[in-house]
Amino acid sequence: MKIKELWHRLGSPRWFFYYSGAWVRFFGVFALILLSVGFVWGLLFAPPEQYQGNSFRIFYIHLPAAILCQSLYLAMGVGGFVLYVWRMKLADILIAACLPLGMSLTVLALFTGAVWGKPTWGTWWEWDGRIVSTTVLLFLYIGIFAIREAISDSELRGKASGLVAMVGMINIPIIKYSVDWWTTLHQPATFTLTEKPAMPIEMWLPALVMVIGFYFFAAHNVLTRMRAEILRREAKTAWVKKLAVKMV
Amino acid sequence: MGSVWVREWRAVVRNRSAIINPVAFVFLGVLLFNLGSRSYEESFDGSALGMLWVLVLIANLLALDSTFRRDFESGLLEQIFVSAEVPFLILFLKVLMQWMTTGFLISLLSPLLALLMGVPYELLGNTFVALLIGTPTLSFLGAIGASLTVGMGRGGALLALLVLPLYIPVLIFGVDVSQSQSIALTEISSLYWLFFISLASLTLAPFAILLGLKISLAMD
Amino acid sequence: MLKLTDLVVLRDEARLFQPLNATLEAGGCVELLGPNGSGKSTLLRTMIGLHDQYEGTYECPDCFYQGHKLGLDDLMNPIENLEWFLGLEGSSFDEDSARKALARVNMVEYALVPCSRMSQGQKRRVSMVRWILSKRLAWILDEPFTLLDATGVRLVNELIQEKCEAGGLVVCATHLPLQVQEKKSIQLEALSGSQV
């Protein structure tokens with residue numbers, strides 16, 4: 001299906017609901033597989049780090065959580081942009097769906113970072129560039145949540161949260177590049193697209209598995225929430241009623 | 001455009017409390033800080049500058065709601081959107097005026113304020129420059145938040161939640177510039193950052209403000 | 001020229017009334033009638049672009065709008081308010097014509113009195129001056145008769161009549177029927193039919 005056609009079809013929540021059904025199952029199954037494999041591999045079978053020993057293993061949760069919380073925010077920002085330019089209701093549903101997981105993963109990233117930091121660098125928390133900007137990310141999430149709660153009109157709510165999401169996007173490059181601009185606690189990026197990672201393959205392969213597994217999980221979670229919201233919004237239409245009857 | 005600026009000026013001049021409140025707040029904060037900190041040592045540990053900046057941030061926050069509220073409630077804002085040829089420019093002037101009555105005034109008074117906080121003489125100049133360059137960002141980014149909450153009654157806490165995360169980079173760079181020992185300003189990298197953020201927010205924020213006000217007007 | 005085609009205004013994704021079809025040429029006048037809550041104000045706000053949720057299409061020229069909020073700054077006097085308003089529209093401000101217009105609405109003695117010291121009815125008279133001085137072709141008025149005494153009501157009708165005779169367009173949401181020579185009526189009924 002051509003991109004343009006796909007784009008227009010996305011304007012219909014009903015079409016999206018049917019189209020995403022297969023994807024939800026696909027992402028769910030593979031997320032389960034990848035996460036179990038990655039978890040076991042990282043926690044049990046990957047070699048311990050040279051200086052940190054086994055406390056390094058929390059990296060296998062910390063890294064994907066940190067990557068995902070930024071990606072989910074980017075998704076919300078893009079959703080906001082789509083909402084404004086193409087006026088697609090699905091974009092508002094996307095923003096609402098990314099919010100809970102995004103918030104939880106940001107908290108998880110900060111928490112696992114603190115747990116990792118204590119035995120490794122002797123401190124629970126430092127105000128370094130990346131930690132501060134990730135905390136800012138958490139507050140941006142909370143801000144979008146708060147503004148959604150404050151507005152009852154669904155279209156205005158979508159526009160307001162889209163606007164806040166877009167304005168907050170400036171924070172993402174700050175998080176990403178803060179480790180290059182300031183050197184305090186975090187080291188410069190280990191993984192780039194162009195160079196070989198500074199880590200041996202037995203260590204970064206399980207990390208890669210975990211990251212992909214987290215992405216799949218996020219896709220599954222977001223799609224499920226979107227589908228539930230579509231059903232809720234379109235509850236009075238004929239196609240939803242038929243679906244309900246079929247399920248009973 | 002002249003008549004627009006004239007009107008903004010009149011609105012400020014005849015509404016004295018709008019100017020006095022933020023400045024009075026900062027002075028009050030300085031007083032509280034001095035009374036509250038238990039050590040009367042002469043040594044300056046840098047936290048005083050940070051506290052001053054935080055006070056400036058909060059003073060700005062308190063003054064934000066009034067940026068659009070009077071015009072929203074009197075219907076002037078609607079008129080701007082319906083009748084004006086270029087609403088963008090009018091909003092820009094409005095926020096600029098808000099800066100002049102808060103951030104700009106505070107920057108002018110900052111040498112005095114910093115002295116009262118126990119900041120040594122050498123840092124007063126840097127503090128002044130940092131505040132002068134950093135406070136427009138506070139007004140413009142804050143106006144984005146104000147544009148969204150103006151339709152919602154007095155959403156004070158929501159405004160703070162939306163705006164303070166955006167203020168944090170300004171705080172970090174601003175304090176860094178203020179604390180820099182080097183006299184040559186051109187050597188402080190944080191100053192360039194502050195300048196860049198200021199320019200970016202001045203040019204880009206009005207678009208977001210426009211969108212935010214449209215949302216607030218539609219909520220009416 | 002004003003044209004509405006199958007226009008339905010939505011609030012929170014709910015339709016407020018049946019689709020509207022209407023055309024208005026220069027010199028025409030429409031009164032929008034309907035009970036409270038039927039969506040008159042929202043329809044007017046949609047036509048000038050302050051409200052964004054609707055189905056169907058509409059064409060509306062650049063209008064002068066007066067909503068429930070008058071749009072007068074309390075801290076300034078009428079002359080200053082008019083100066084600001086005309087600057088907004090891009091017209092030149094001429095104090096003489098402003099005073100003449102104020103005299104038309106019987107408010108010239110208050111020309112330099114801050115609006116905060118006026119009663120609501122007096123403020124409404126001052127806002128009528130803007131109708132006269134605005135360069136826009138069309139007027140969109142939301143409940144212009146509110147809080148006006150009998151003279152005020154007559155004044156509103158006169159001004160609308162003159163505007164239509166001069167080739168302008170007036171759309172007026174009102175509970176009180178307009179006393180003008182030629183007018184169309186649109187009756188909005190909440191969630192049921194609406195006829196022109």
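Chain A has nine helices and zero strands. Helices here are DSSP runs of H or I with at least four residues, strands are runs of E with at least two, and both are numbered from the N terminus. Read along the sequence, the pattern of chain A is α-α-α-α-α-α-α-α-α. The radius of gyration of chain A is 20 Å, close to the 18 Å that the globule rule gives for 248 residues, so chain A is as compact as a globular protein of that length. That radius is taken over C-alpha atoms, and the rule is 2.2 Å times the number of residues to the power 0.38.

This is a predicted model: local features need pLDDT of at least 70, side-chain atom pairs count only at pLDDT 80 or more, and totals for chains, interfaces and linings use all residues. Residues are numbered from 1 along each chain as its sequence is written, while chains are lettered from A and ligands numbered from 1 in the order in which they are written.

Along its principal axes, the C-alpha trace of chain A spans about 60 × 35 × 35 Å. Of its 248 residues, 37% count as buried. A residue is buried if 20 or more other C-beta atoms lie within 10 Å of its own, exposed if 12 or fewer, and partly exposed in between, with C-beta atoms placed from the backbone. Two residues are in contact if their C-beta atoms, placed from the backbone, lie within 7 Å.

Now take helix α2 of chain A, residues 13–45. At 1.5 Å a residue, its 33 residues should span 48 Å, and its end C-alpha atoms are 44 Å apart, which agrees. The expected span is 1.5 Å times one less than the number of residues. Where does α2(A) bend? The bend is at A:Ser20, by about 40 degrees. This is the angle between axes fitted to the seven residues ending there and the seven starting there. The buried residues in α2(A) are A:Pro13, A:Phe16, A:Phe27, A:Ala31, A:Leu34, A:Gly38 and A:Gly42. Their cover includes α3 (59–86), α4 (89–121) and α8 (201–233) of chain A.

Next, the chain interfaces. In the A–B pair, 16 residues of chain A are in contact with 15 residues of chain B. On the chain A side, α5 (129–150) and α6 (154–168) each give two or more residues. The largest share, nine residues, comes from α5(A). This side divides into 13 nonpolar, one polar and two charged residues. Ala, Val, Leu, Ile, Met, Phe, Trp, Tyr, Cys and Pro count as nonpolar, Asp, Glu, Lys and Arg as charged, and the others, Gly among them, as polar.

Chain B also meets chain C: 20 residues of chain B are in contact with 23 of chain C. On the chain B side, α1 (2–13), α5 (76–83) and α10 (189–218) each supply at least two residues. Here α5(B) gives the most, with seven residues. The chain B side holds nine nonpolar, six polar and five charged residues.

Finally, chain C. An automatic or database assignment gives domain 1 (1–62 + 137–196) and domain 2 (72–136). Their C-alpha centres lie 24 Å apart. Between them, 10 residues of domain 1 are in contact with nine residues of domain 2. On the domain 1 side, β7 (138–142) and α5 (150–165) of chain C give two or more residues each. The most, three residues, come from α5(C).
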